[in-house]
Amino acid sequence: MQPIAITQGDPAGIGPEIVAKAFRDAPDQLRHCFVAGNVATLRRAAEVIARPGMPSLPVAQIHSPGEAVGMPPRCMPVFPLSGIPGPQPWGQISAAAGRAAADSVVWAARAALRGEIAALVTAPLHKEALSAAGVDFPGHTELLQAEAAAHQGVPLDRMPVRMMLANDELRTVLVSIHVSLRDAIAAVTEDNVLQTLRITHTALQRSLGRVPRMGVAGLNPHAGEGGLFGREELEVISPAIAAAYAQGLDVHGPFAPDTVFMRARSTPQRAGEFDVVIAMYHDQGLIPVKYLGVEKGVNVTLGLPLVRTSPDHGTAFDIAGKGIADASSLVEAVRMARALCG
């Protein structure tokens, strides 16, 4: 198997230390993985998580991604990126930190697009730091979309992507991502909803090995209540669902947003009615998944010609550098990336 690259994340946040903690505490899941970033930043992270009476985590500088395959367990291989800024003050927004995070993502994306790595797992970055560094994208998803479009020589609108947040109990895919709520409502068009259904169907059919059952959330309270609380369900969402169904997709709705996530949730006692919920905007879809526990949530970008996953949390500047951050979501992201690679 080809190696999996883990980007270091914002060096002022918890990204580097949860990466180090994952290599130390989850050696089986982290086999054949390496970190793309700055060696000094990762060595500082290894020192932060050190505890009395426990062996320190070795940090090994590698010269090619392929060297990661032969590394022993509980050792963190780091592929150093030329010119990337080094360690930054904990918990502070800076252009240097934003540049370091962005450069590691760009390198990993291009390596994946060239077929040099199997997947990339991205540690958290900070959107304000990214902006301070002059990066014209609000987050990982949009940056990766631009890299993929440039690689294939197509405009951005020919490389549509969607964000999926998933854990063992619930999956949700968003029609729009990092835009204002006003713009998110405007983005609920028949074309966007239908495109979301198609992207989700293709991605989950590949990972599940069968046609996924998709439930669609309405935009308005009670899914519009027959037009009493808004007509988007009647005039936009239902026509998109009908078009998708006519194309052979297993899709149902629109359903009341305050109940559809409960219907889709799978527990040991009850299987969910749907494999995934299509949410109309960012918070509608992410709040239910995050409420179930951010330590198990994984962010997956659908629609790209590469596999990318990420933990379901941010940079946590308030606890950065203390060695107490939970690496569970990062480990889950690695596990899901491996599964998606097939």
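In which strand is Asn299 found? Asn299 is found in strand E11, residues 298-302. Before going on, two notes on the basis. This is a predicted model, in which local features need pLDDT of at least 70, side-chain atom pairs count only at pLDDT 80 or more, and totals for chains, interfaces and linings use all residues. Residues are numbered from 1 along each chain as its sequence is written, and side-chain values use heavy atoms, with hydrogens and water left out.

A word on labels. Helices (H or I, at least four residues) and strands (E, at least two) are DSSP runs, numbered from the N terminus.

Back to Asn299. Is Asn299 buried or exposed? Its relative accessibility is 10%, so Asn299 counts as buried. The scale is this: buried means under 20% relative accessible area, exposed over 50%, and partly exposed in between, with a 1.4 Å probe and protein chains only. And what does Asn299 touch? Setting aside residues up to four places away in sequence, Asn299 touches Met163, Met164, Leu165, Arg308, Thr309, Ser310 and Pro311. Contact here means heavy atoms within 4.5 Å.

Next, the cores. A nonpolar core is a set of buried Ala, Val, Leu, Ile, Met, Phe, Trp, Tyr and Cys residues joined through side-chain atoms within 4.5 Å. The largest one has 61 residues. Ile6, Phe23, Met76, Leu197 and Met280 touch the most other members. Take Leu197. Not counting residues up to four places away in sequence, its contacts include Met214, Val216, Ala240 and Ile278. There is also a second, separate core of 33 residues, with Ala36, Ala68, Ala102 and Leu304 among them.

Leu197 is also one of the buried residues of helix H7. Others on that list include Val193, Thr200, His201 and Leu204. How far apart are the end C-alpha atoms of H7? They are 26 Å apart. The expected span is 1.5 Å times one less than the number of residues. After H7 comes Gly209, with a positive phi near 80°.

Two alanines also have positive phi. Ala223 has a phi of about 55°, although it is not a glycine. Ala223 sits in the loop between strand E8 (213-217) and helix H8 (232-246). Its relative accessible area is 13%, so Ala223 is buried. Ala316 has a phi of about 45°, and it is not a glycine either. Ala316 lies in the loop between strand E12 (308-311) and helix H11 (328-341). At 25% relative accessibility, Ala316 is partly exposed.

The peptide bond joining Gly253 and Pro254 is cis, with omega about 0°. Pro254 is in strand E9, residues 250-255.

Now the rings. Rings of Phe, Tyr and Trp (its six-membered ring) pair if their centres lie within 6.5 Å; planes under 30 degrees apart count as stacked, over 60 as edge-to-face and the rest as tilted. The count is four aromatic pairs. In one, Phe34 and Phe79 have ring centres 6.5 Å apart and planes at 80°, so that pair is edge-to-face. Phe34 is in strand E2 and Phe79 in strand E4, 45 residues apart. Both are buried. Ring pairs link Phe34, Phe79 and Trp107 into a cluster.
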